[in-house]
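Please open the model in a viewer and follow the stops below in order. Each stop names a selection and describes what is found there.

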There are 2 protein chains.
Amino acid sequence: MHNSQVSAETWSIAELATEYDVTLRTIRFYEDRGLLTPERRGTARVYHPRDKVRLGLILRGKRLGFSLDEIAKIVDMYDAEPGEEGQLVYLLDQITHRRAELEQRRRDIEETLADLAEVETRCRADLSALRSSLRKP
Amino acid sequence: MHNSQVSAETWSIAELATEYDVTLRTIRFYEDRGLLTPERRGTARVYHPRDKVRLGLILRGKRLGFSLDEIAKIVDMYDAEPGEEGQLVYLLDQITHRRAELEQRRRDIEETLADLAEVETRCRADLSALRSSLRKP
DNA sequence: TTCGTGCTTGACGCTTACGTAAACGTAAAG
DNA sequence: CTTTACGTTTACGTAAGCGTCAAGCACGAA
């Protein structure tokens with residue numbers, strides 16, 4: 001085995017695509033939008049752990065229904081440099097904002113799950129009624 | 001007051017738009033896609049409680065990041081007729097499916113909230129460090 | 001009758017998030 | 001040397017989800 005040293009592992013675009021089940025096109029598109037900035041070895045892209053983590057964050061953001069623009073802001077928060085005070089205050093503000101959004105989504109999920117449970121109950125009732133009416137017609 | 005009888009209340013398209021803070025265009029678009037089926041009084045659309053509820057469900061679905069096609073399936077589950085056995089089994093299957101998706105989303109939210117909390121901690125630390133270094137230079 | 005208000009139906013435009021070729025480079029394997 | 005695998009850029013296509021006119025009807029008030 002070649003890469004037996006755990007530190008400083010890298011991946012090709014195809015490896016990342018397979019691991020996260022996205023297309024190469026998608027990964028390149030995210031780079032186009034500035035969300036990923038892989039190293040270049042010649043013309044080929046080489047992805048470092050940082051890129052891999054970011055891709056994971058991007059896809060999680062997508063599952064949550066954020067747009068790529070919003071995801072860009074969120075992900076960039078994660079490895080922002082300390083910076084000046086105004087910047088930090090802005091960041092804290094963003095955090096508050098995102099948190100509120102996420103909590104709204106969580107409430108939506110709870111409600112939807114509750115609704116689904118209701119539909120399921122009704123459904124099972126209908127089903128057993130249907131079946132018992134068939135057993136003794 | 002005109003509509004003093006609570007039962008069988010109806011709304012105009014503008015009323016619904018105001019209440020849910022969407023545009024008329026959006027509501028008509030949902031109708032176009034078969035998600036809403038208001039009554040017609042002449043040419044004007046008249047929305048019944050059922051339509052209003054559905055609009056609420058649609059918007060909740062949107063906040064959760066579902067596509068309109070997916071939302072259509074979900075919402076239609078809610079007021080599906082009992083139907084035949086195959087239909088009911090299909091419905092239960094859909095419910096299982098949606099539930100799994102929603103639970104994944106909930107996990108995503110928990111993780112993101114945890115990440116945000118971490119960023120916030122780091123951020124506050126940086127901020128206080130910055131300020132204390134300014135107070136005693 | 002004319003005005004304003006609210007509603008209607010097209011129909012074209014735009015952005016997002018990719019899909020889908022087309023055409024080419026590079027490097028190892030047969 | 002040719003094939004195969006893997007990568008690249010460029011660029012047009014598309015589906016979703018509306019925005020934004022344009023043009024017109026219907027109806028009560030002035």
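For this tour, Ala, Val, Leu, Ile, Met, Phe, Trp, Tyr, Cys and Pro count as nonpolar, Asp, Glu, Lys and Arg as charged, and the others, Gly among them, as polar. The model is predicted.

**The surface near DNA strand D**

Select DNA strand D, which 16 residues surround. A:Ser12, A:Ala14, A:Arg45, B:Thr23 and B:Leu68 are the closest of these. Next, colour the elements that give two or more residues to this surface: H1 (13-20), H2 (24-32) and strand E2 (44-46) in chain A, and H2 (24-32) and H4 (68-78) in chain B. H2(B) gives the most, with three residues. By type, the surface divides into six nonpolar, five polar and five charged residues.

**Where the chains meet**

Now display chains A and B together: 31 residues of chain A are in contact with 31 residues of chain B. On the side of chain A that touches chain B, helices H3 (49-63), H4 (68-78) and H5 (85-135) each supply at least two residues. H5(A) provides the largest share, 24 residues. This side of chain A comprises 16 nonpolar, three polar and twelve charged residues.

**The nonpolar cores**

Turn to chain B and select B:Leu16, B:Tyr30, B:Leu35, B:Leu36, B:Ile58, B:Ile71 and B:Val75, the residues with the most contacts inside the largest nonpolar core, which has 14 residues. H2, H3 (49-63) and H4 of chain B each give two or more residues to this core, and H4(B) gives the most, with three.

Centre the view on B:Ile71. Leaving aside its neighbours within four places in sequence, B:Ile71 is in contact with B:Leu35, B:Ile58, B:Gly61, B:Lys62 and B:Phe66. Apart from this core lies another, of 13 residues, among them A:Tyr30, A:Tyr47, A:Leu64 and A:Ile71.

Conventions:
Residues are numbered from 1 along each chain as its sequence is written. Chains are lettered from A and ligands numbered from 1 in the order in which they are written. This is a predicted model: local features need pLDDT of at least 70, side-chain atom pairs count only at pLDDT 80 or more; totals for chains, interfaces and linings use all residues. A residue is near a molecule or strand if its C-beta atom, placed from the backbone, lies within 6 Å of it. Helices (H or I, at least four residues) and strands (E, at least two) are DSSP runs, numbered from the N terminus. Two residues are in contact if their C-beta atoms, placed from the backbone, lie within 7 Å. A nonpolar core is a set of buried Ala, Val, Leu, Ile, Met, Phe, Trp, Tyr and Cys residues joined through C-beta atoms within 7 Å. A residue is buried if 20 or more other C-beta atoms lie within 10 Å of its own, exposed if 12 or fewer, and partly exposed in between; C-beta atoms are placed from the backbone.
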